[in-house]
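Please keep the sequence and the model in view while reading.

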Amino acid sequence: MARVRERAAALGGADPYLPDTCLALAAAALSVWGVVVDDRGWPWWVYPLVLAAAAPLPWRRRAPFTVWLVSGVFSLAQSIVAHSVAPQIPLHQVLTVYTVADRGRDWQRWLMLAVLVPANILGTHSPNGMLFSLLMSVGSFILGSLVRELRRRARAEADRAREAGMRAAGEAARAVAEERARIAREMHDILAHAVSLMVIQAEAGPLVVRTDPDRAIRTFDTIADSGRDAMVQLRRVLGVLKEDGARPQLAPQPTLAELPAVVLRLRDSGMLVRVEIEEHGPADVQAAAYRIVQEALTNVLKHADARSVTVRVARRGRRLEVEVTDDGGGVGETAGPAPHGWSGGRGLVGIRERAAACGGSATAGPGPDGRGFTVNALLPLGD
């Protein structure tokens with residue numbers, strides 16, 4: 001079956017003049033044979049006349065209507081001066097009518113049909129001949145019209161398949177881009193939080209190593225725990241990228257149940273952290289809330305110079321409210337170019353993106369009475 005399709009494709013891509021020339025020779029041979037077998041002794045000029053009706057066939061696909069007109073003129077002349085030599089099956093007429101019905105313009109097709117029907121009725125000398133001529137002409141027209149419709153449907157199917165392929169490729173590329181962006185956010189949140197905590201603990205360790213060895217030991221333990229936790233999370237995020245041939249899948253997502261471990265490490269660094277979790281919500285909302293809290297706490301460590309921070313997760317109607325408030329210096333007193341503002345770094349931009357990805361929103365600004373800083377996110381819980 002595959003070989004048959006390959007041969008058909010090869011024939012379809014071959015030069016169309018070659019098979020059409022063969023058809024023209026076959027039609028010419030039939031016409032000449034009709035003159036030879038007729039015993040009326042026709043003069044020599046009848047032979048060029050019957051040959052001229054088949055001569056334009058090699059160009060039937062390039063100019064179907066013109067070929068039909070030229071062939072029809074010679075066929076009409078033959079019918080008038082030598083009607084009896086017409087072959088039983090006029091191959092040239094069948095081919096030209098079929099080609100116009102298949103490839104011609106609409107007005108050409110219907111004009112040809114309007115000419116053929118009266119010509120076949122008036123140009124024959126017997127009822128049987130009239131019926132046979134109509135059968136050949138109208139039958140060729142119907143066959144060409146069917147092939148034309150099949151071609152149109154095939155083109156429409158091919159266009160739909162191509163559009164579906166383009167849509168599928170676009171959706172796949174968009175899904176890949178979204179997953180890459182999500183993994184980039186995950187890695188940023190994991191590394192930024194862990195490294196910030198490790199840097200702060202490492203800076204505090206030498207200060208207390210002589211005066212408070214027990215606290216120094218806890219500090220270094222916190223550094224080790226932060227590093228191990230970061231490695232575990234990185235392996236979880238990147239693990240799905242290492243399996244060759246695996247089906248596309250999302251990396252495992254954190255939940256609010258894992259938040260106490262993050263808070264514990266911050267408390268080990270000397271910061272007072274209060275956490276109130278009243279509602280959890282679906283998995284995607286929990287993942288977004290976890291990362292928002294994690295990034296907000298990272299910003300507190302890096303920029304706020306705060307002693308305490310409060311994390312609240314509660315239900316507000318059909319939305320989950322996530323609020324992180326610290327008692328640090330706030331926007332006006334922190335060093336650097338607006339580290340808490342939306343343009344102050346990748347972290348707060350990531351918070352806004354995470355909230356938007358869930359269909360929610362996030363804001364950030366000074367806390368109550370201008371003291372400290374507050375990150376607030378509202379995430380829809382769905383129906």
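Helix H5 (residues 91–103) and helix H6 (residues 106–122) have axes that come within 9 Å and cross at roughly 145 degrees. Axes are lines fitted to C-alpha atoms, for helices over the stretch in contact, and angles run from 0 to 180 degrees between N-to-C directions. Helices (H or I, at least four residues) and strands (E, at least two) are DSSP runs, numbered from the N terminus. The model is predicted: local features need pLDDT of at least 70 and side-chain atom pairs count only at pLDDT 80 or more, while totals for chains, interfaces and linings use all residues. Residues are numbered from 1 along each chain as its sequence is written, and side-chain values use heavy atoms, with hydrogens and water left out.

From H5, the residues Gln 93, Val 97, Val 100 and Ala 101 meet Gln 108, Arg 109, Met 112, Leu 116 and Asn 120 of H6; contact here means heavy atoms within 4.5 Å. The residues of this contact of H5 with H6 divide into 5 nonpolar, 3 polar and 1 charged. In this division Ala, Val, Leu, Ile, Met, Phe, Trp, Tyr, Cys and Pro count as nonpolar, Asp, Glu, Lys and Arg as charged, and the others, Gly among them, as polar.

H5 also packs with helix H2 (residues 17–37): their axes come within 8 Å and cross at roughly 140 degrees. On the H2 side the contact is made by Leu 23, Ala 26, Ala 27, Leu 30 and Ser 31, and on the H5 side by Leu 91, His 92 and Leu 95. The residues of the contact of H2 with H5 divide into 6 nonpolar, 2 polar and no charged.

Arg 60 belongs to the loop between helix H3 (46–54) and helix H4 (64–81). Is Arg 60 buried or exposed? Arg 60 counts as buried because its relative accessibility is 9%; buried means under 20% relative accessible area, exposed over 50%, and partly exposed in between (1.4 Å probe, protein chains only). Not counting residues up to four places away in sequence, Arg 60 touches Asp 20, Leu 23, Val 67, Leu 95, Tyr 98 and Thr 99. Its side chain makes a polar contact of 2.9 Å with the side chain of Asp 20, and a polar contact of 2.6 Å joins the side chains of Arg 60 and Thr 99. A polar contact is a pair of N or O atoms within 3.5 Å; within protein, one must be able to donate a hydrogen and the other to accept it, and residues adjacent in sequence count only if both atoms are side-chain atoms. Arg 60 and Thr 99 are 39 residues apart in sequence, with their C-alpha atoms 6.8 Å apart in space.

Helix H7 (residues 127–208) contains Ser 140, which counts as buried at 7% relative accessibility. Among the residues that Ser 140 touches, not counting those up to four places away in sequence, are Val 94, Val 97 and Tyr 98. A polar atom of the Ser 140 side chain lies 2.6 Å from the backbone oxygen of Met 136.

Attention now turns to the cores. The largest nonpolar core has 34 residues, and Leu 297, Val 322 and Leu 379 have the most contacts inside it. A nonpolar core is a set of buried Ala, Val, Leu, Ile, Met, Phe, Trp, Tyr and Cys residues joined through side-chain atoms within 4.5 Å. The elements that give two or more residues to this core include helix H10 (283–304), strand E2 (308–316), strand E3 (319–326) and strand E5 (373–380). H10 supplies the largest share of this core, 10 residues. A second, separate core of 9 residues includes Phe 65, Trp 68, Ala 101 and Phe 141.

An open sheet of 5 strands has the order E1-E2-E3-E5-E4, with mixed pairing; two strands pair if DSSP finds at least two bridges between them. Strand E1 (272–277) and strand E4 (361–366) stand at the edges with a single partner strand each, so one side of each is left without a neighbour in the sheet. E1 and E2 pair in the parallel sense over 6 bridges, whereas E4 and E5 run antiparallel and are joined by 6 bridges. E4 and E5 form a hairpin with 6 residues between them, and Asp 369 in the turn has a positive phi of about 60 degrees.
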